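This briefing goes through a single protein chain by topic, from individual residues to the fold as a whole. Please keep the sequence and the model side by side while reading.

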Amino acid sequence: TLELTENIFIHRLDIVQPLLSKLRQLGFALSLDDFGTGYSSLSYINSLPLTEIKIDRSFINKFLEFKF
């Protein structure tokens, strides 16, 4: 499994996406590490061949503090 940070997607997604697709074709698993700490959106995730997403604890804690 290759772990990637969301910073890799901010610049030149048009170049990164085909490279990640090729890695998946070669049998690599791709993990997005620390999602929620940078500037990525959920729309980026839909266009990438990820096998795992690791959500940053600080991102989750914000939701746990929310009162309904």
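D34 lies in strand β2, where strands (E, at least two residues) and helices (H or I, at least four residues) are DSSP runs numbered from the N terminus. This is a predicted model, in which local features need pLDDT of at least 70 and side-chain atom pairs count only at pLDDT 80 or more, while totals for chains, interfaces and linings use all residues. Residues are numbered from 1 along each chain as its sequence is written, and side-chain values use heavy atoms, with hydrogens and water left out.

- The phi angle of D34 is near 60°, a positive value in a residue other than glycine.
- D34 counts as partly exposed because its relative accessibility is 33%, the classes being buried under 20% relative accessible area, exposed over 50% and partly exposed in between (1.4 Å probe, protein chains only).
- D56, placed in the loop between β3 and α4 (57-65), is buried, with a relative accessible area of 17%.
- Although D56 and D34 are 22 residues apart along the chain, their C-alpha atoms are separated by 4.5 Å.
- When residues up to four places away in sequence are not counted, D56 touches D34, F35 and T37, contact meaning heavy atoms within 4.5 Å.

**S31 in strand β2**

- S31 is located in strand β2 (residues 30-35), and at 0% relative accessibility this serine counts as buried.
- The side chains of S31 and E52 are joined by a polar contact of 2.8 Å; such a contact is a pair of N or O atoms within 3.5 Å, and within protein one must be able to donate a hydrogen and the other to accept it, with residues adjacent in sequence counting only if both atoms are side-chain atoms.
- Leaving aside neighbours within four places in sequence, the residues in contact with S31 are T1, L2, E3, L4, T51, E52 and K54.

**Salt bridges**

- Side chains of opposite charge can pair when their charged atoms come close.
- The structure holds two salt bridges, each being a side-chain nitrogen of Lys or Arg within 4 Å of a carboxyl oxygen of Asp or Glu.
- One of them pairs K54 with E3, with the closest N and O atoms 2.5 Å apart.
- Because K54 lies in strand β3 (residues 52-55) and E3 in strand β1 (residues 2-5), this pair ties together parts that are 51 residues apart in sequence.
- K54 is partly exposed at a relative accessible area of 30%, and E3 is also partly exposed, at 46% relative accessibility.
- R12 and D14 meet through their side chains in a salt bridge (3.2 Å, N to O), and D14 is exposed, with a relative accessible area of 53%.

**Overall fold and surface**

- The secondary structure comes to four helices and three strands, which follow the pattern β-α-α-β-α-β-α when read along the sequence.
- Of the 68 residues in the protein, 24% are buried.
- Among contacts with a separation of 6 or more, 54% are between residues 24 or more positions apart.
- The accessible surface of the protein comes to about 5,000 Å², of which 57% belongs to carbon and sulfur atoms; accessible areas come from the Shrake-Rupley method with a 1.4 Å probe, and for residues only the protein chains shown count as cover.
- I55 lies in strand β3 and is partly exposed, with a relative accessible area of 44%.
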